[in-house]
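I opened my notebook to see what I could look up in one structure. These are my entries, in the order I made them.

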Amino acid sequence: MGAMTLQTDDLLKSIRQHLPDFAFERAEPLLSTGQFNTVLSIDDRWIFRFPKSPQAAADLARELEVLPRLQGKLPLPIPQPRFQARDAASGHLLFMGYPLLPGKPLLREKFAQLQSDSGVVDGLAHDMARFLRTLHAIAPADIGLAPSGESARTEWARICDEVSDKLYPFMRADARAAASTNFARALADEGLWQVDACLIHGDFGTGNILVRDGRVSGVIDFGFCNVGDPAQDLGALLASYGEDFVARVCRHYPALRVGLRRARFYMSNYALIQALYALRDGDKDEFEDGIAAYR
């Protein structure tokens, strides 16, 4: 199988231990697959995801419950879990595996290469809009999910407190002041928080949207799928591909436009959210990446 890092060797050892009948020849770690899971491609046929923390393991376990219930309800391919393993002592999920979906992640660099072809870009916008419109219309109860009981405004007031408590010590004075002003203005704007909660993907951005031959070929990573604000999905698209592309998506899914102001607010805080999660998980590299602009 060639040279492997120690970490990859440990992951392969876990697969062999828990799936003794699963035969394979090659394994390759995938880069740019997010901050919560380590991902291996096996024989170019299978994807195995290994959570990096107990919290990420809980998110992956919830994804394992949600994905089977979403099968056949969406207009694009999504992962179909085939394998999983849990720690015998703690019950924590160790990994999950599913057949490789077609396509490659639509990273920003790839998207930039496609932007000169307006027809391709509009086709991508159409595919994403259709996927979100269908997902947002699914009754959460149909897949066993219920609202958390926490409004979007309450959630972001809590995030504001967490940023102040946990991240301000790492931030320079003017960055703290700017963040405080941004949160205060948003939280004081009652009209901003008129939210119709629905089923959302929760991380509908670059690494999780697959493309092939100029069209969206699949959507992955449903670890943050929940009953929430559809503007969260819009914010991820804004951060990934920008305002012009989001305007195209909204032409195909006009109801999304009502959440644009919230989506922009969410996007303005994504680096801080990244730093919060990284601090929680003890991920120094992701923390430094998220907090860098505020140092």
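**Entry 1: helix H8.** The buried residues of H8 pack against helix H3 (108-114), H4, H7 and H9. I then looked up which residues these are. In H8, Phe 245, Val 246, Arg 248, Val 249 and Cys 250 are buried. An α-helix has 3.6 residues a turn, so residues three or four places apart point the same way.

Entry 2: The mean pLDDT of the protein chain is 94. I also noted that 97% of its residues reach 70 or more. Residues 1-6 have a pLDDT below 50. Beyond near neighbours in sequence, that stretch has 9 contacts in the model. Where pLDDT is low, the predicted coordinates should not be read in detail.

**Entry 3: helix H9.** Next I went to H9, one of the partners of H8's buried residues. Which residues of helix H9 (residues 260-268) are buried? I found Leu 260, Arg 262, Ala 263, Phe 265 and Tyr 266. The buried residues of H9 pack against five helices that I listed one by one:
- helix H5 (152-167)
- helix H6 (173-188)
- helix H7 (230-241)
- helix H8 (243-252)
- helix H10 (270-281)

**Entry 4: Leu 187.** Is Leu 187 buried or exposed? Its relative accessible area is 11%, so Leu 187 counts as buried, the limit being under 20%. I then looked for its contacts, leaving aside neighbours within four places in sequence. Leu 187 is in contact with Arg 153, Trp 156, Ala 157, Cys 160 and Trp 193. I checked the spacing of one of these pairs. Leu 187 and Arg 153 are 34 residues apart in sequence. In space they are 6.6 Å apart, C-alpha to C-alpha.

**Entry 5: Asp 127.** Asp 127 lies in helix H4 (residues 118-137). Asp 127 has 10% relative accessibility, so it counts as buried. Which residues is Asp 127 in contact with, leaving aside its neighbours within four places in sequence? They are Leu 76, Arg 215 and Val 216.

**Entry 6: aromatic pairs.** I searched the whole structure and got 24 aromatic pairs. Phe 22 and Trp 46 form one that is edge-to-face. Their rings are 5.9 Å apart, centre to centre, with 75° between the planes. Phe 22 sits in the loop between helix H1 (6-18) and strand E1 (27-29). Trp 46 is in strand E3 (residues 46-51), 24 residues apart from Phe 22. Both Phe 22 and Trp 46 are buried.

Phe 48 and Phe 95 form a tilted pair. I noted 5.6 Å centre to centre and 55° between the planes. Phe 48 lies in strand E3 and Phe 95 in strand E5 (residues 93-99), so this pair ties together parts that are 47 residues apart in sequence. Phe 48 is buried, at a relative accessible area of 0%. Phe 95 is buried too, with a value of 0%.

I then asked which residues the ring pairs link into a cluster. The cluster holds Phe 22, Phe 24, Trp 46, Phe 48, Phe 50, Phe 83 and Phe 95.

**Entry 7: a loop with positive phi.** Asp 43 is in the loop between strand E2 (37-42) and E3. Asp 44 lies in the loop between E2 and E3. Phi of Asp 43 is near 55°, a positive value in a residue other than glycine. Phi of Asp 44 is also near 55°. How exposed are they? Asp 43 is buried, with a relative accessible area of 18%. Asp 44 is partly exposed, at 45% relative accessibility.

**Entry 8: empty space inside.** I ended with cavities. Rolling a probe the size of a water molecule over the atoms shows where empty space is left. The count came to 1 cavity of 30 Å³ or more. The largest cavity has a volume of about 50 Å³. Which helix gives the most to its lining? Helix H2 (residues 54-70) does, with 4 residues. The lining includes Phe 36, Arg 49, Asp 59 and Phe 224. By class, I noted 4 nonpolar, 2 polar and 4 charged residues in the lining.

Conventions: Residues are numbered from 1 along each chain as its sequence is written. This is a predicted model: local features need pLDDT of at least 70, side-chain atom pairs count only at pLDDT 80 or more; totals for chains, interfaces and linings use all residues. Side-chain values use heavy atoms; hydrogens and water are left out. On a 1 Å grid over the protein atoms alone, a cavity is a set of points where a 1.4 Å probe fits but cannot get out, and a pocket is an open set with protein on both sides within 12 Å along at least five of seven lines; lining residues have an atom within 4 Å of a point. Grid points are joined across faces, edges and corners, and a volume is the space filled by probe spheres set on the points. Helices (H or I, at least four residues) and strands (E, at least two) are DSSP runs, numbered from the N terminus. Ala, Val, Leu, Ile, Met, Phe, Trp, Tyr, Cys and Pro count as nonpolar, Asp, Glu, Lys and Arg as charged, and the others, Gly among them, as polar. Rings of Phe, Tyr and Trp (its six-membered ring) pair if their centres lie within 6.5 Å; planes under 30 degrees apart count as stacked, over 60 as edge-to-face and the rest as tilted. Buried means under 20% relative accessible area, exposed over 50%, partly exposed in between (1.4 Å probe, protein chains only). pLDDT is the predictor's confidence in each residue, from 0 to 100. Contact means heavy atoms within 4.5 Å.
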